[in-house]
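Please examine the sequence and the structure before reading each solution.

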Amino acid sequence: MRRPLRSSSQSQHKHDHFDVLPDDLVVFILSKLSSSASSPSHFINILSTCKRLNRLGLHHLVLSKAGAKVFAVKAKNWSESAHRFLKLCVNAGNVDASYTLGMIRFYCLQNRRSGLALMAKAAMKSHASALYSLAVIQFNGSGGSKREKDLRAGVALCARASLLGHVDALRELGHCLQDGYGVRQNIAEGRRLLVQANARELAFVIRSVTQSSSSPSSPSSLLTWRAHRYQNQNHACQTDSVCSLSDFVYNVPVPAVHPANWFLREWFESGSGVLGEGLRLCAHIGCGRPETRPHEFRRCSVCGKVNYCSRGCQALDWKLRHKMECSPVELWVDDNGGGGGGAHGDGGAVVANNEAVG
Ligand SMILES: [Zn+2]
Ligand SMILES: [Zn+2]
């Protein structure tokens, strides 16, 4: 940038210091910033500071390094320029932007083909959440008819995602092996994977609780979960302090929910998007996936009131919330007993697929 012809004031002097920084150095600093920004505004505010920062902030190196939190746009703030920004990041080779925009296009904007292509682009670069999301789509035949379910493809995608450490994928794979769903049945191996998924989840919980007690500010996921708990005053667990792990109910933070999942839920719950008639959202709070056709998701066979896109969501929601809410409707009229949340596999109610029974 050219040095201004006029100088003299002190502020003009400060401006000069920035002007003499070479572009490469500014791009390097902005890349560090975009990868560590804690919110979209944290990064976007820089772009509106001056023309030079706007130009260099949109440099492909800066956009390619942007972290998932830069894409954590609120559904109510979705706009053409937010869409354009995500596209720029995708074009710069940002894998997380591909996944986020893929999820938004597939589920919210109902541009299924383009959404799938973007998720596949991220999956090819070993993005675990993209691999798992594609698995969920294959298992449910989302975006098509139930004949388009491809269980084998779902299992293969889950296997790749679980190798990359995706806990929900590991859990899903464990259930598939136990039940012989899309893969040859191997109960012992399925059980082993479910134990491994629980161990990883427990490690995550311990790490979160340790971090929250050692730092004055709790992680936002823990706060989010508590806030949600207060909206459900009729639950049994109402202690305010963090319970022991054996309670394993409301003290458990939602494990690393991706911003794309929050976006989906907000999109449909805030009215930015409208669910088609008879379609439901996955009941797990950290998911947000909607059905793409009636009776696509499995429902809890004990109460029949909640629906899940996957076993991963069902098992998590069971531990986090549904265990406290689920009651067999039959008990109101028939005192046979039994049921009562029916612990199954790694601790979830038996879930039936609506499509399988009707
Ligand atoms: Zn779900
Ligand atoms: Zn239930």
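The chain holds 16 helices and three strands, where helices (H or I, at least four residues) and strands (E, at least two) are DSSP runs numbered from the N terminus. This is a predicted model, in which local features need pLDDT of at least 70, side-chain atom pairs count only at pLDDT 80 or more, and totals for chains, interfaces and linings use all residues. Residues are numbered from 1 along each chain as its sequence is written, while chains are lettered from A and ligands numbered from 1 in the order in which they are written.

**Exercise 1. Determine how helix α9 (residues 128–140) and helix α10 (residues 151–163) pack.**

Solution. First, take the geometry: the angle is about 160 degrees and the axes lie 8 Å apart. Axes are lines fitted to C-alpha atoms, for helices over the stretch in contact, and angles run from 0 to 180 degrees between N-to-C directions. The two helices, α9 and α10, are therefore roughly antiparallel (angles over 145 degrees; under 35 is roughly parallel, 65 to 115 roughly perpendicular and the rest oblique). Second, list the partners, with contact meaning C-beta atoms, placed from the backbone, within 7 Å. From α9, residues including Leu131, Leu134 and Phe139 meet residues of α10, among them Leu151, Leu157 and Arg160. Third, classify the residues of this contact: 11 are nonpolar, two polar and one charged. Ala, Val, Leu, Ile, Met, Phe, Trp, Tyr, Cys and Pro count as nonpolar, Asp, Glu, Lys and Arg as charged, and the others, Gly among them, as polar.

**Exercise 2. Determine how helix α8 (residues 112–124) packs with α9.**

Solution. The angle between α8 and α9 is about 130 degrees, with axes 7 Å apart. Helices α8 and α9 are therefore oblique to each other. In this contact, Met119, Ala120, Ala122 and Ala123 of α8 meet Ala130, Leu131, Ser133 and Leu134 of α9. By class, seven residues are nonpolar, one is polar and none is charged.

Conventions. Contact = placed C-beta atoms within 7 Å.
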